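Student: Could we go through this structure together? I would like to begin with helix packing and then turn to a loop.

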Amino acid sequence: MAASGESSSKGGKKWFPLESNPEVMNSFMQGLGWPTERLSFMDILSTDDWALDMIPKPVQAVLFLYPIKATLEEHEAKEAEMIKSGGQVVDPNLFYMRQTVSNACGTVALMHACCNAIGQGSPAKEGSWLEGFFKNAQGKTPDERAALLEEDDKIEQEHDAAASEGQTERSEEHMNVDTHFIAFVHSGGHLYELDGRKAGPINHGPSTKDTLLPDACKVIRRFMERDPGEMRFTMVALAPSAAE
């Protein structure tokens, strides 16, 4: 299943959507310098306990792909208004960036997963593109980080190569899909939803590195409950590789 995602880019840059496919994700991120021999992406088959028990711990991030619909957008508008009026706690060490390229939500979610893992002590390979991107992004705003990504030829080429590895036919029809990737991470004792379309991260309450997976799945179940007839949901964990 390929992912789209809205963009606020004035330049109108648009990439081919990345599939929710752990094999493709691992190949993509390994090429950018992520140590997949230690931490890799893997499918989460269900939000039920039996499926969560299959995932090696501790989980570093959860990626979630879902369809964007009017009911969800209504909820997001109410959520944004609540945060605007009531505020929220945001850990200063949390890595968050905006999405300014159409259909780049998969890559932005992967950046959120890996860069937060780097910030919490899981380094990228020395001298790699990912190490350089993380260092260059330090001290920058979410919009400035988005510009770093949008203006980088290397990541655009690598994204395109990864998108080509998927099973989705490259056509104009598949450039205009309605599904979207987000990431969930733990930082500073809280669970955060990271969506580059939004004004900022969403704090979903207390969490720990050991409870990130079930905590994220509780939020994901609420996404699913808002659209009970929909089946186009997928989940991917960034977790210790099987050889670990």
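Predicted model: local features only at pLDDT ≥ 70, side-chain atom pairs only at ≥ 80, totals over all residues.

Student: At what angle do H1 and H7 pack?

Tutor: Helix H1, residues 22-32, packs against helix H7, residues 153-165, at an angle of about 155°, and their axes are 9 Å apart. H1 is therefore roughly antiparallel to H7.

Student: Is that crossing left-handed or right-handed?

Tutor: The crossing of H1 and H7 is right-handed.

Student: Which residues meet there?

Tutor: From H1, Val24, Ser27, Phe28, Gly31 and Leu32 meet Lys154, Ile155, Glu158, His159, Ala162 and Glu165 of H7. By class, this contact has 5 nonpolar, 3 polar and 3 charged residues.

Student: Which residues of H1 are buried?

Tutor: The buried residues in H1 are Pro22, Val24, Met25, Asn26, Phe28, Met29 and Leu32. Val24, Phe28 and Leu32 also take part in the contact with H7.

Student: What is found at the two ends of H1?

Tutor: At the start of H1, a side-chain oxygen of Asn21 comes to within 3.0 Å of the backbone nitrogen of Glu23. Just after H1, Gly33 has a positive phi of about 110°.

Student: Changing topic, where does Ser207 lie?

Tutor: Ser207 is in the loop between strand E5 (202-206) and helix H9 (212-225).

Student: Is Ser207 buried or exposed?

Tutor: Ser207 has a relative accessible area of 6%, which is under 20%, so Ser207 counts as buried.

Student: What does Ser207 touch?

Tutor: Leaving aside residues up to four places away in sequence, Ser207 touches His186, Gly189, His190, Leu191, Leu212 and Asp215. The side chains of Ser207 and Asp215 are joined by a polar contact of 2.7 Å.

Technical notes: Residues numbered from 1 in each chain as written. Heavy atoms only, no water. Axes fitted to C-alpha atoms, helices over the stretch in contact; angles between N-to-C directions. Helix = DSSP H or I, 4+ residues; strand = E, 2+ residues; numbered from the N terminus. Parallel < 35°, antiparallel > 145°, perpendicular 65-115°, else oblique. Left-handed = near helix turned anticlockwise from the far one by under 90°. Contact = heavy atoms within 4.5 Å. Nonpolar A, V, L, I, M, F, W, Y, C, P; charged D, E, K, R; others polar. Buried < 20%, exposed > 50% of the residue type's maximum accessible area, 1.4 Å probe, protein only. Polar contact = N/O pair within 3.5 Å; in protein donor to acceptor, adjacent residues only side chain to side chain.
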